[in-house]
Structures are given as C-alpha cells and as structure tokens.
Amino acid sequence: MTFRQDAPTLPDPLLDDPNLQRLLRRLPAHFRDAMLPDLRALATHAMQAYSTARESSRSEPILTAFDAWGSRVDRIELTPAWKAGPDITTRYGVLAAGHEADALARVGQFARVYLYHVASEFYTCPLAMTDGAATALKASGNQALIDRAVGHFLSRDAGSLWLSGQWMTETPGGSDVGRTETVARQGSDGEWRLHGRKWFSSAVVGEAALALARPEGAAAGTSTLALFYVETRDAEGRWQGLTINRLKDKLGTRELPTAEVELDGIPAHPVGGLDHGVKLVAPMLNVTRTWNAICAVATIARANALALDYARRREAFGRPLIEQPLHARTLATMQSEGAAAFALAFLIAELLGKVEHQEASAQERVLLRVLTPAAKAWTGKLAVRVASEALECFGGAGYIEDTGLPQLLRDAQVYPIWEGTTNVLALDLMRALRGVDAGELAETLAALCQGAGARASSPVHEAVLSMAAMLEAGSEAAARAAIFTLGQAAAAAALASQLDADDDHGNAALTRFLGLGLVHDPVGESAEDAALLHP
C-alpha cells in the first residue's frame, strides 16, 4: 500500500499554548474571566480558518479600475477573511478592548490580536493603523477630529467601524520622511487639499487616513511637515480626490490590499499646527510597533505549533521525529525563543497600558521608550528565522505551496520591514538611550528576574552593560548588535519575571534561552567596510 503522511493539525491556540496560559494565570481573575469568551471564540476561529485554508484555493484582492462603461471606479474585491474582518473585530473587541478604562486593557487587547492575527490574513495590519490613528488623535487634543473619528475607529458595531490608513511612505523618502513631496494647498474657502503620491498604503480600503504633507510654501525638511486627517470617500461613497494606481505585487501578505495612491485634491484637516507633524505621529509608533511585535510572536507560535505537531506524526529511521535527539533539540530551541519573544511582546503591551493610564513609574516610561524599538526589531528578525527553521522541519513538504507552509516564511518577512527596518530602529534606540543611565537600565531589567534568581539577573545585567559599551563611542555601526542584545536581554528578563517555581516549561525555556547567549558581537566602523564596499 502506498504510504500517506498525515498532515500537521493546528493545536488549540488557547488551551495548548503554554505561553498564553502563563500570561492568563498572572492576570486578575475578574479581568481574565471577562475576556475568556472572546479568546475562546477567536481560538476556535483560528482553528476553523486553518482547516478551511488547507481545503480551498487561496484568493487575493482584485482591483477593478474601470467599470464596463469606462467610468473610473477603483473597486477592490477583498478575500473572504477580509470581508469577515469588521464583524470579528467589533464582536470580540479586537480594537475597542485596548482603549477600555483599565491599565491592563492593552494586555487584554493583544491577547485577542495574538489569537486572531494569522487567521485574519493580515487584516490586523489596518487594525494596527486604526489603533495608532485613534491614539494619535486622542493625544493631539483636536476635539473636533476626536468627536468625528475616534468613536468609529473603536466601534463595537461592524456597521459603524472605520479603518484608518497611515500615509507616510513616498518614493523619494522612505524612512526619510523629510523628503515628502505631497503638498497641502489651502483654497479660498479655507479648506485644505492634498496633492501627491503615496507609494505604500496598506489600508487603502479604510474610510480615513493620517497623512504627512508639506503646506504649500513651507521650507524643506522634516520639521515643516504637517499631519492631516483625511476621509477617503464622499457622502455618496465615492472616492474623493483619490486614485488607486495599482495594488502592490508583494512577496507575502498577499491577501492584504496594499496600494499606491495618487492624491489629487483630497479634502484634509490639520491634526495640529502646520508644522512638526512627525511629532504628532509619534504616539502611533509605540502602538503600531507593539502590534508588529505581537503579530511576529503569533507567527512564531504558529510555526512552532505546526512543527511540533508534525514531529509527533512523522516517523523516520524507525521512530517519530520528536524522539530523534537532534531534531528534538532544534524544536526545543525554537520553543525557548518563542517563549522569550512572547514574554517580551506582552511586557511591552503591559507597559503601554500603564503609560496610557498614567499608572507607570518613571522607570517604566523609560522602559517603554527604550524597549519598544528593541522588541520590534528582535521579534521581527526572529519570526523570519523561526519560520524558516520550521519549514526545514517539514523537509520537502515545507517547500511545497499546497501545504500552506511557505506562506509562513513569506509573510514573516514583513515584520522586519513594516514600521521601521532594523537599522532605522537601531538608530531610534540610540536616540532613546540619550540621557538614560546604562547602570540604572541594567538594574531595572535585572530586578525583573527576581523569581529566577542570579541565573537570569546576572547575564541580563551584563548584557545591558555590554549593549551600552557598544554605543559609548557613538558608532552607528555597532547599533545593530546593540539593539539585538537589548532585545534578548529584555526578553530573558520578561520571561524570568513571569515564572513560578513549578512552571517546568517556562523554566526550561529560560534556561535554554540564556544558554544561547544574550550578547551580539558588535562590529564597529573599520577599514574593512570601505574595502568590502568599494573594491
């Protein structure tokens, strides 16, 4: 009889995830019990979506620029998962839960995001942008825009939910937003309108967006940019002053309708003054980078869960893969890194909630500012590596599109790019560390390790001091090693802070993770750089 290999089955992402269960055990009972029905529903949805995806052909969004009679319509047909997005988001509070009147609100929200993300086909991307927009508008104090939009952004009714884009990226600038070419012109009626091209809009299907533009006549540079709020459609539901040039043909996240848009007089409202718009965007960054980290660890969890399940099903050389020492060591290492990444991402979520509710200490505010770019950078890179390792765990099947496994790796590559590449984040970390005492930072992170004792606190303390030493000379070339060192040190501290003595999985994860080493070797500026780059 011809052999047939059993495919991997997705374990219950709520009940069978030791990292999520560890988090839930630490939460106050009343808070945990209130959100468990939402988590149970989202876990069930994730398992159903995984099963459905294996049994049906993948679909992608389709842009129809013109109707049959030649009228410009720019109609986008979305995938089934995206069509279901508004109902799931509002029913289970994926956005709204993060803005409730509780310092733990962000933890509760991101537990929902963690379960929903992979099944959502990156519908979580516009949700992140919308969350960031709501946060930025609330921070701006612009009451008219708050009254106009925030209720829609955080709605628990699918019929009134609005999504917001974040229109910052342009061809000349990229991360250098000071080169933005979009111009804001004020008409004789006092209304502002935007003109220009936004090269990368990941939420073009949304009802609104926050966009950077230079008021007409303003000087060049970053500080002269203004932040504007726009709505994409008029009262009749037609695009207003907006043309979709094309949908991007991307490596991954292909279900996400990323667009290149031409702005030709779209009505706009200044969020604040007519300069320093980048500062008004800043409140978004902690939010969207936290979304990035949470979604990265969700991908890591999915890759690990499938690889572990398959190792129990697949036999080679007379026994299951999970009983093969070398394969077992590989899987265990992936599990340890996933546990540390999960702990770090949810530490950021906890700090974000405390800061937003004015319950954070001065030390915690510093931690949020410093650790957010580090967490985003390290978890993004880790997601790519773990997804790649997971595909290898399946052998040839990991390279076959029909299994659905290659999509994990393609999609993971977005995490190091979206919301700041690794080098951009490393430079941001250098800015964040100005005025921060390295010894105090080391002590703060080491103090989180109290439950695990010196086996964790000592290497964490030493790693933070090593990170600071890398940057003492002010060399940008060492910043990459520094951000990974800080990310790993903080991940170890976060995991150690969450452990109980009888948590065998967590303690084993911490021991293995510490054994991998926390310090990245820095490579400073050297003559070799010039010789290698300019032969």
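Q: Buried means under 20% relative accessible area, exposed over 50%, and partly exposed in between, with a 1.4 Å probe and protein chains only; why does Thr79 count as buried?
A: Thr79 has 2% relative accessibility, and the limit is under 20%, so Thr79 counts as buried. This is a predicted model, in which local features need pLDDT of at least 70 and side-chain atom pairs count only at pLDDT 80 or more, while totals for chains, interfaces and linings use all residues. Residues are numbered from 1 along each chain as its sequence is written, and side-chain values use heavy atoms, leaving out hydrogens and water.

Q: Which residues is Thr79 in contact with, leaving aside neighbours within four places in sequence?
A: Contact means heavy atoms within 4.5 Å. On that test, Thr79 is in contact with Ser59, Glu60, Pro61, Glu121 and Glu255. Thr79 itself lies in the loop between β2 and α3 (80-91). Helices (H or I, at least four residues) and strands (E, at least two) are DSSP runs, numbered from the N terminus.

Q: Why is Arg302 called buried?
A: Arg302 has a relative accessible area of 12%; the limit is under 20%, so Arg302 is buried. Arg302 is found in helix α7 (residues 277-313). Beyond four places in sequence, Arg302 touches Leu10, Ala46, Tyr50, Val118 and Leu408.

Q: What makes strand β1 and strand β2 a pair?
A: Two strands pair if DSSP finds at least two bridges between them. Strands β1 (residues 62-66) and β2 (residues 72-77) have 4 bridges, in the antiparallel sense, so they meet the requirement of at least two. Phe66 stands opposite Arg72 in β2. Between the strands of this hairpin are 5 residues, and Gly70 takes a positive phi near 90°.

Q: What makes a set of residues a nonpolar core?
A: The members are buried Ala, Val, Leu, Ile, Met, Phe, Trp, Tyr and Cys residues, joined through side-chain atoms within 4.5 Å. The largest such core has 128 residues, and Phe346 and Leu486 touch the most other members. A second, separate core of 22 residues includes Leu137, Trp162, Met168 and Tyr229.

Q: How do the residues of the lining of the largest pocket divide?
A: A pocket is an open set of points on a 1 Å grid over the protein atoms alone, where a 1.4 Å probe fits, with protein on both sides within 12 Å along at least five of seven lines; lining residues have an atom within 4 Å of a point. The lining divides into 21 nonpolar, 13 polar and 9 charged residues. Nonpolar covers Ala, Val, Leu, Ile, Met, Phe, Trp, Tyr, Cys and Pro, charged covers Asp, Glu, Lys and Arg, and the others, Gly among them, are polar. α7 gives the most to this lining, with 7 residues.
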